[in-house]
Amino acid sequence: SPPPAPKPIRRLDESLINRIAAGEIIHRPASALKELLENCLDAKSTSIRVTVKDGGLKLLQIQDNGCGIRKADLPLLASRFATSKLSSFSDLSSLQTYGFRGEALASISHVAHLSVITKVRGDNCAWKAHYADGVLAPPKPGLSVDPKPCAGNDGTTIIVEDLFHSTPLRLAALKSTSEEYARILDVMTRYAVHNPSVSFVCKKASSTTPDLSTPSGNTVQQIISLLYGSHVGKELLHVIASASSKKSRKRKADPKGKGKATEDDMEDGKSQSEDDQSEDDVPDDASWKAHAYVSGVNYHAKKMTFLLFINNRLVESPRIKRAIEAVYNPILPKGTSPFAYLSLHIDPRAVDVNVHPTKREVHFLDEEEITQRVCDAIQEGLTSNSGSRTFQYQT
Ligand code: ADP
Ligand code: MG
């Protein structure tokens, strides 16, 4: 029989579009929390306190002491693609903030009840506002949508209630609130390690004692000891790797790569044309730096703990994880794994942050070479007894 007559194409209903888009960014309470933590850090907070009910499904409240939000900006706060962090496409390549898409709060407002209390330093009072589906909403039916003055500390409190109430299938897919709470603690733990100068507190609403609490002004080693245990902390090696000075010197001296071959080129055995090739992709002053805190030969665990930050973003890379784990293969007992926290700083122009709204998947230039160099540095740190310039023991 012939195929059926085609159905007409129709534009999806706006609120359906937004709900689908929200689902791409906010998968579960921990992904909402990640976005909200990044906003706190973008606002230069030094204290971040999280309160959770039912694994974040009933309540996820994040209080910070950052710069606050101007009252005049509150009407736009939860609208899609509204941001204070990016104004032109070229800004993307020099981005210093986590956020830039203005999608997080918008998304949350489509799948949860969102309210905000915020106070800018020097203002007389704080302002409280409620949001639904991207716009200001009344706190109760019949009331005004206008932000209300209230008492409050400098900074911002974001209150997310009844997450996924509007997407029952997503809600049903999240079975265990204790699993969701564990993921929330995991995200907090990772950000706490990466931001040792910031104090993080996470607790259940029903409890007075926090499940995670870091004082501000710590060292990375202290935070790792505190959160992952002193058995990891006392075994840590701090490994530093970076682009060779040779390479950067060469780039500085011959920024366009169009000059004559330098002595370094000769040493490398590279032809000028090979260099021209790479100069096409790599910015002239391309360079990178890696800090890794890795466990030494006396620590091993059943599963590898791997924390990866690229330009301060929490990301995942199974490839880099496997490469580091492989360094330990000949050293650790069979079937055991190390602890590794790696913070990579790469020229922002070499990282494509625009891959996906969640920004979890990051691609960058020279990924293989950088990974290799980091692994070499870790290897060197593990095999030298002391005195290497590339690593230092924690005290
Ligand atoms: P983005 O972070 O991509 O800009 P968001 O939806 O996460 O988008 O946030 C929208 C805007 O709200 C931010 O650009 C910022 O101006 C403001 N904002 C959100 N959270 C905070 C906060 N905790 N402190 C100060 N400003 C905030
Ligand atoms: Mg954001």
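Let's begin with a pair of helices: the axes of α11 (residues 318-328) and α12 (residues 367-383) come within 9 Å and cross at roughly 25°. That makes the two helices, α11 and α12, roughly parallel. For the terms here, axes are lines fitted to C-alpha atoms, for helices over the stretch in contact, and angles run from 0 to 180 degrees between N-to-C directions. Angles under 35 degrees count as roughly parallel, over 145 as roughly antiparallel, 65 to 115 as roughly perpendicular, and the rest as oblique. Helices are DSSP runs of H or I with at least four residues, strands are runs of E with at least two, and the numbering starts from the N terminus.

The α11 and α12 crossing is right-handed; a crossing gets that name if the near helix is turned clockwise from the far one by less than a right angle, and left-handed if anticlockwise. Which residues make the contact? From α11 they are I320, A323, I324 and V327, and from α12 they are T371, C375, I378 and Q379. Contact here is when the C-beta atoms of two residues, placed from the backbone, lie within 7 Å. By class, this contact of α11 with α12 has six nonpolar residues, two polar and no charged. The classes are simple: Ala, Val, Leu, Ile, Met, Phe, Trp, Tyr, Cys and Pro count as nonpolar, Asp, Glu, Lys and Arg as charged, and the others, Gly among them, as polar.

A word on where this comes from: it is a predicted model, in which local features need pLDDT of at least 70, side-chain atom pairs count only at pLDDT 80 or more, and totals for chains, interfaces and linings use all residues. Residues are numbered from 1 along each chain as its sequence is written, while chains are lettered from A and ligands numbered from 1 in the order in which they are written.

The axes of α5 (residues 177-194) and α6 (residues 220-228) come within 8 Å, crossing at roughly 155°. α5 and α6 are therefore roughly antiparallel to each other. T189, A192 and V193 of α5 meet V220, I223, I224 and L227 of α6. That contact of α5 with α6 holds six nonpolar residues, one polar and no charged.

Stepping back to the whole chain, there are 12 helices and 17 strands. Of its 395 residues, 33% are buried, where buried asks for 20 or more other C-beta atoms within 10 Å of a residue's own, exposed for 12 or fewer, and partly exposed is in between, with C-beta atoms placed from the backbone. Among contacts with a separation of 6 or more, 69% are between residues 24 or more positions apart.

Next, please find strand β4 (residues 126-132), where six of the seven residues are buried. How many bridges does β4 share with β3 (residues 113-119)? Five, in the antiparallel sense; two strands pair if DSSP finds at least two bridges between them. I117 has K128 of β4 as its bridge partner, and K128 also stands opposite K148 in β6. β4 runs antiparallel to β6 (residues 148-150), with three bridges joining them. Another three bridges join β4 to β5 (residues 135-137), again antiparallel, and there Y131 stands opposite L136.

Most residues other than glycine have a negative phi. D133 counts as partly exposed because it has 18 C-beta neighbours inside 10 Å. D162 is another non-glycine with a positive phi, of about 55°, and it is found in the loop between β7 and α4 (168-173).

Is helix α3 (residues 104-111) mostly covered or mostly uncovered? Mostly covered: eight of its eight residues are buried. Its cover includes α1 (14-25), α2 (29-42), β3, β4 and β7 (155-161).

Last stop: G55, in the loop between β1 (47-53) and β2 (59-64). G55 is buried, with 23 other C-beta atoms within 10 Å. Leaving out residues up to four places away in sequence, G55 touches P29, T177, S178, E180 and Y181. Thanks, and I'm happy to go back to any of these views.
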